[in-house]
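Please read this report beside the sequence and the coordinates.

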Amino acid sequence: MRPESRPPVRLYGFPHAGATSLVYRGWQPLGEPHLLVRGVDAPGRGTRRQERKAVGFRALVRCMAEQVVADLLTERERVPGLRWATFGHSFGSTTSLAVAAEVTRQVGLAPERAVLSGAVAPGLQRPGPLLDSVSDEELLARTAADGGTPSVVLADPTMSRMLLRMLREDDAIRAEFAEQACGLRVDFPLTLIAARQDVHAPPEKVWPWAAHSTAPAHRVEIDGGHFAAVQRPKDTLATIVDDIDTGKR
């Protein structure tokens, strides 16, 4: 995927609303040995389920940045010259860019690129909660229609209750992000991925993310619905590798 002489890239993946880093487990063998995929969990979820949950957008960013910083510094000792990048889908995009900015501030090393997929730019997001008036039954129906959640999760009462709880928690964070991230600016390049048939984040609502970086942004338009980029990880990883290696604009 890349000349052997160049150091590999550690790609930190941020999950969409209601999900954990488990969504990136299948990505790991697809990127190796040049693109090393590592999912990032919020406190209280997935690999960090024993930790206390972060309350609020800023606390969430701080806690996720701590995880990335610790991992990045450890891996750079093991692999000298190791580079890094981020990928976030939907809700994960909104957290990933803020975390990337905080990690850059702490370690003094910017990512090669931040990849934002299927996410409406902050200035176009509606402030305030979106799911307060949505019943559990309707929310599960919407989630099923989007096609990004395994049917076994939706059918299991215990797992579906957990899913609903996480979706509502993430919606509260998203409500804060719509206001707080409008002023977020970074100095590293972006890759913006948008699916043509995405009813939640169509291309025209994704492209304005470019204004959040002083560096160039590469716009990538693909076929499919909201979860197209995460459902075709091989293609998505190939795009990321190409953008990092060529500095695509």
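The paragraphs below go from helix pairs to cores, then to individual residues and the backbone.

The model is predicted, so local features need pLDDT of at least 70 and side-chain atom pairs count only at pLDDT 80 or more, while totals for chains, interfaces and linings use all residues. Residues are numbered from 1 along each chain as its sequence is written, and side-chain values use heavy atoms, with hydrogens and water left out.

**Helix packing**

Two packed helices are described by the angle between their axes and the distance between the axes. Here axes are lines fitted to C-alpha atoms, for helices over the stretch in contact, and angles run from 0 to 180 degrees between N-to-C directions. Helices (H or I, at least four residues) and strands (E, at least two) are DSSP runs numbered from the N terminus.

The axes of helix α2 (residues 57–78) and helix α6 (residues 157–180) come within 9 Å and cross at roughly 95 degrees. The two helices α2 and α6 are therefore roughly perpendicular to each other, on a scale where angles under 35 degrees count as roughly parallel, over 145 as roughly antiparallel, 65 to 115 as roughly perpendicular and the rest as oblique. Phe57, Arg58 and Leu60 of α2 meet Ile173, Glu176, Phe177 and Gln180 of α6, where contact means heavy atoms within 4.5 Å. By class, the contact of α2 with α6 has four nonpolar, one polar and two charged residues; Ala, Val, Leu, Ile, Met, Phe, Trp, Tyr, Cys and Pro count as nonpolar, Asp, Glu, Lys and Arg as charged, and the others, Gly among them, as polar.

Helix α6 also packs with helix α4 (residues 136–146), at an angle of about 90 degrees and with the axes 11 Å apart, which makes α4 roughly perpendicular to α6. On the α4 side the contact is made by Asp136, Leu139, Leu140 and Thr143, and on the α6 side by Ser160, Leu163, Leu164, Leu167 and Arg168. The residues of this contact of α4 with α6 divide into five nonpolar, two polar and two charged.

**Nonpolar cores**

In soluble globular proteins, nonpolar side chains tend to be buried together. A nonpolar core is taken as a set of buried Ala, Val, Leu, Ile, Met, Phe, Trp, Tyr and Cys residues joined through side-chain atoms within 4.5 Å. The largest such core has 45 residues, and those with the most contacts inside it are Leu97, Val99, Val103, Leu192 and Trp209. Two or more residues are given to this core by each of β1 (9–14), α2, α3 (91–107), β4 (114–117), α6 and β5 (190–195), and α2 gives the most, with ten residues. A second, separate core of 21 residues includes Val9, Phe87, Phe227 and Ala229. Val99 touches Phe14, Val61, Met64, Ala65 and Val68, not counting residues up to four places away in sequence.

**Buried residues**

Buried means under 20% relative accessible area, exposed over 50% and partly exposed in between (1.4 Å probe, protein chains only).

| Residue | Relative accessible area | Element |
|---|---|---|
| Asp170 | 5% | helix α6 |
| Val115 | 0% | strand β4 |
| Pro203 | 8% | helix α7 (residues 203–206) |
| Gln67 | 14% | helix α2 |

The side chain of Asp170 makes a polar contact with the side chain of Arg45 (3.0 Å); a polar contact is a pair of N or O atoms within 3.5 Å, and within protein one must be able to donate a hydrogen and the other to accept it, while residues adjacent in sequence count only if both atoms are side-chain atoms. Beyond four places in sequence, Asp170 touches His16, Ala17, Gly18, Arg45 and Phe91.

Val115 and Ile193 are 78 residues apart in sequence and 7.5 Å apart in space, C-alpha to C-alpha. Ile193 is among the residues that Val115 touches, as are Thr86, Phe87 and Gly88.

Leaving aside neighbours within four places in sequence, Gln67 is in contact with Arg38, Gly39, Val40, Asp41 and Arg48, and Pro203 with Ala194, Ala195, Arg196 and Glu221.

**Backbone geometry**

Most residues other than glycine have a negative phi, and most peptide bonds are trans. The peptide bond from Glu32 to Pro33 is cis, with omega near 5 degrees, and Pro33 is found in the loop between α1 (28–31) and β2 (35–39). Ser90, although not a glycine, has a positive phi of about 55 degrees. Ser90 lies in the loop between β3 (83–89) and α3 and is buried, with a relative accessible area of 18%.
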